[in-house]
Structure formats: structure tokens, C-alpha cells
Amino acid sequence: MLISLLRSGQANFLTILMYILSNLLIIFLVLPLHECAHGFVAHKLGDDTAKREGRLTLNPLAHIDYLGAALLLIIGFGWAKPVPVNSRYFKNPKAGMALTALAGPVSNLLAAVVAGLIRNGLAAMVANNIIPYNDFTAYIFLFFQFLVSINIGLAVFNFIPIPPLDGSKILMAFLPDKAVIWILQRERYLSLGLFILIMLGGLNGVLTVANNFFYGIVSWLTYLPFSWAF
């Protein structure tokens, strides 16, 4: 997305700065939250692998993948180091893996809701003349807008049902064992295919529709508490 902003020629220095700062907050806080959510749910379901390996923490140094962080900043999608999960500790391995996988994108949606609530809370204060609307508050709104959009984008991206993304583990909970084995045996090739699809823009249409769907839900949820102010 940084590339898109630069190419547009319409983004000034402060817009780019807000985008970079919002990404840094996601890299150092939200991505660790995403991975910790995986580990926390796995731990609650009986797998303490993440805890034993020091990954059940919000410390960003335990989770940051520098290539994934750089790609998130530059092109709008990236990743952190995957939290280790051992499904053999789950009473129901398929359901356990699905719930553990679901925790990650749900954490991104919750982060989007929090950012949206702050954004709309500030907007309500501006609308009621509690704080002034000026260049400073406009860029603060933009900062939180970026946080909402990026978090929704990360959640949608992770819901893609292709390995190694979380969506594939959710999908496998509903597939017969033969299909799961088929996917696991070809995970490397499926992951490569996913990367190629993304680079060629083959998923842009689907991702745009899904992003707009979740953005509408988050916007509605975060508007309701402040609807009285507008």
C-alpha cells in the first residue's frame, strides 16, 4: 500500500507518515497480539507448545518476522513468525486447530473495532465542539482510519482458505480426513500458488469484496455508540 500511496502522487508527507506509523503500531503490537491469540487458544485447549517456547507473550521481539514486516509496510500484506501448535494435544485435533487458527484474524477484527471506536469517539467530540477540527485532528483521524483498514485487510487475508494461512486450518475442520491429508501433502505447492496469485493480483476482486463487507460491519458497530453525537 505504501507503493500505491507513492504512485498516486496525491499523498503528502504527513499522509505517508500516518500510514507508516499505523503500520509500525500493527507490527509491534497487533501482529504480536495475533500470534499470541493463536498460542493462548491452543494453550486453553491443552497445547502448551507456544508457552514452552516463549511465544505466549506480547513481546514483539518474540514474534516479528522482518521480511513479513517489511512487506506489510511496502505492499500491504505480511506476517509474523507462526506460533508453534501441536494438534496431538487437542481432544479434537480438527476443531482445536480451527479454533486456534480463528483466534488470529478475530484479534485483527477486534483491533479494527477498537481503532474505529477511538476514531468515531474523536469525531463525536469534534461534532460537539469539544475539540477543534484542524490539520492535527484530521491526520489523527487518518491514522486511526489506516489502523481500521489494515487490520480488516489482515483479517480477510488470513481467512483465505489456502495454506499456510489461518483460513486453510479453519476449512480443514469441515473436510474429510482424505482431503485434509491431500492438502497437507501439497502444502508447499499450494503456498507457492497462493503467493503467485497474490503477486499477479488474482485475488484482488475477492479480497476487495470481503474487505468492504467487514469494513461495513466494523463501521456500523463503531458508529452505534456515538450515533447520538451526529
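How many nonpolar, polar and charged residues are there, by class, in the lining of the largest pocket? The lining has 16 nonpolar, eight polar and one charged residues. The legends below take this pocket and several other sites in turn.

The structure is a predicted model, in which local features need pLDDT of at least 70 and side-chain atom pairs count only at pLDDT 80 or more, while totals for chains, interfaces and linings use all residues. Residues are numbered from 1 along each chain as its sequence is written, and side-chain values use heavy atoms, with hydrogens and water left out.

**View 1. The largest pocket has a volume of about 800 Å³.** Its lining is made of 25 residues, and those closest to the centre are Ile75, Gly76, Phe77, Leu207 and Asn211. Two or more lining residues come from each of α1 (2-8), α4 (66-75), α6 (135-158), α9 (187-199) and α10 (204-223). Helix α6 gives the largest share, seven residues. Helices (H or I, at least four residues) and strands (E, at least two) are DSSP runs, numbered from the N terminus. A pocket is an open set of points on a 1 Å grid over the protein atoms alone, where a 1.4 Å probe fits, with protein on both sides within 12 Å along at least five of seven lines; lining residues have an atom within 4 Å of a point. Grid points are joined across faces, edges and corners, and a volume is the space filled by probe spheres set on the points. In the classes, Ala, Val, Leu, Ile, Met, Phe, Trp, Tyr, Cys and Pro count as nonpolar, Asp, Glu, Lys and Arg as charged, and the others, Gly among them, as polar.

**View 2. The second largest pocket holds about 650 Å³ of space.** Trp79, Pro82, Asn158, Pro164 and Leu165 are the closest to its centre among the 29 residues of the lining. At least two lining residues are supplied by each of α2 (13-44), α5 (93-127), α6, α7 (166-172) and α9. The largest share, six residues, belongs to α9. By class, this lining has 18 nonpolar, seven polar and four charged residues.

View 3. Pro164 sits in the loop between α6 and α7.

**View 4. The largest nonpolar core has 36 residues.** Such a core is a set of buried Ala, Val, Leu, Ile, Met, Phe, Trp, Tyr and Cys residues joined through side-chain atoms within 4.5 Å. Ile26, Leu31, Leu72, Ile150 and Ile160 have the most contacts inside the core. Helices α2, α4, α5, α6, α9 and α10 each give two or more residues to this core, and the largest share, twelve residues, comes from α6. Leaving aside neighbours within four places in sequence, Leu31 is in contact (heavy atoms within 4.5 Å) with Ile26, Leu72, Trp79, Ala80 and Leu154.

**View 5. Thr100 lies in helix α5.** Thr100 is buried, at a relative accessible area of 2%. Buried means under 20% relative accessible area, exposed over 50%, and partly exposed in between (1.4 Å probe, protein chains only). Not counting residues up to four places away in sequence, Thr100 touches His38, Val41, Ala42, Leu45, Val85 and Phe90.

**View 6. Asp166 is part of helix α7.** With a relative accessible area of 9%, Asp166 is buried. Beyond residues up to four places away in sequence, Asp166 touches His34, His38, Ala101, Gly104, Pro105 and Asn158. Asp166 and Asn108 are 58 residues apart along the chain, and their C-alpha atoms are separated by 12 Å.

**View 7. The structure holds two salt bridges.** Side chains of opposite charge can pair when their charged atoms come close. A salt bridge is a side-chain nitrogen of Lys or Arg within 4 Å of a carboxyl oxygen of Asp or Glu. One joins Asp177 and Lys94 (3.0 Å, N to O). This pair links distant parts of the chain, with Asp177 in helix α8 (residues 177-185) and Lys94 in helix α5, 83 residues apart. Asp177 is exposed at 53% relative accessibility, and Lys94 is partly exposed at 26%. The side chains of Arg52 and Asp48 also meet in a salt bridge (3.1 Å, N to O). Arg52 is exposed, with a relative accessible area of 53%, whereas Asp48 is partly exposed at 29%.

**View 8. Asn129 has a positive phi of about 60 degrees although it is not a glycine.** Asn129 is placed in the loop between α5 and α6. Its relative accessible area is 69%, so Asn129 counts as exposed.
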